[in-house]
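User: I am new to reading protein models. Could we go through this one step by step?

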Amino acid sequence: MIFSQASKYAIRALIHLAEHAPEPQLSREIARAIDVPGHFLAKILQDLSRVQLLQSFKGRGGGFKLAKSADQISLLEIVQAMDGPGF
């Protein structure tokens, strides 16, 4: 199966967040850690928040973290969030 670039970045970002749970991570920190373009990753993180795979927090101490435990998130959910249900 071939994944879109957005799906690949989303998977890498979620792995990073799982490794740093439960602390919220800033978008720019995630982008730097997984070596992806910051603006593209910001859009991906917003999309993942919209489908409730991530929680986002504003202000001091803000950032993104997993909305549920990593073992409850499937690869299919991530790819469908990025590429739609008929990917």
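User: Which residues of α4 are buried?

Analyst: This is a predicted model. Buried here means under 20% relative accessible area. In α4, the buried residues are Ile78, Val79, Ala81 and Met82.

User: What do the buried residues of α4 pack against?

Analyst: Take Leu48 as an example. Leaving out residues up to four places away in sequence, Leu48 touches residues including Ala81 and Met82. Leu48 also touches Ala10 and Leu14. As a group, the buried residues of α4 pack against α1 and α3.

User: At what angle do α1 and α3 cross, and how is that arrangement described?

Analyst: Helix α1 spans residues 5-19 and helix α3 spans residues 38-50. Their axes come within 10 Å and cross at roughly 75 degrees. An angle of 65 to 115 degrees counts as roughly perpendicular. So α1 and α3 are roughly perpendicular to each other.

User: Which kinds of residue make the contact of α1 with α3: nonpolar, polar or charged?

Analyst: From α1 come Gln5, Ala6, Tyr9, Ala10, Ala13 and Leu14. From α3 come Phe40, Leu41, Ile44, Leu45 and Leu48. The residues divide into no charged, one polar and 10 nonpolar.

User: Which element gives the largest share of the largest nonpolar core?

Analyst: The largest nonpolar core has 23 residues. Leu41, Ile44, Leu48 and Leu54 have the most contacts inside it. At least two residues each come from α1, α2, α3, β2 and α4. The largest share of this core is seven residues, and they come from α1.

User: Now the loops. Is Asp35 buried or exposed?

Analyst: Asp35 lies in the loop between α2 and α3. Its phi is positive, about 55 degrees, although Asp35 is not a glycine. Exposed means over 50% relative accessible area. At 67% relative accessibility, Asp35 therefore counts as exposed.

User: What is phi of Gln52 near?

Analyst: Gln52 sits in the loop between α3 and β1. Gln52 is exposed, with a relative accessible area of 61%. Its phi is positive in a residue other than glycine, and the value is near 65 degrees.

Key: Residues are numbered from 1 along each chain as its sequence is written. This is a predicted model: local features need pLDDT of at least 70, side-chain atom pairs count only at pLDDT 80 or more; totals for chains, interfaces and linings use all residues. Side-chain values use heavy atoms; hydrogens and water are left out. Axes are lines fitted to C-alpha atoms, for helices over the stretch in contact, and angles run from 0 to 180 degrees between N-to-C directions. Helices (H or I, at least four residues) and strands (E, at least two) are DSSP runs, numbered from the N terminus. Angles under 35 degrees count as roughly parallel, over 145 as roughly antiparallel, 65 to 115 as roughly perpendicular and the rest as oblique. Contact means heavy atoms within 4.5 Å. Ala, Val, Leu, Ile, Met, Phe, Trp, Tyr, Cys and Pro count as nonpolar, Asp, Glu, Lys and Arg as charged, and the others, Gly among them, as polar. A nonpolar core is a set of buried Ala, Val, Leu, Ile, Met, Phe, Trp, Tyr and Cys residues joined through side-chain atoms within 4.5 Å. Buried means under 20% relative accessible area, exposed over 50%, partly exposed in between (1.4 Å probe, protein chains only).
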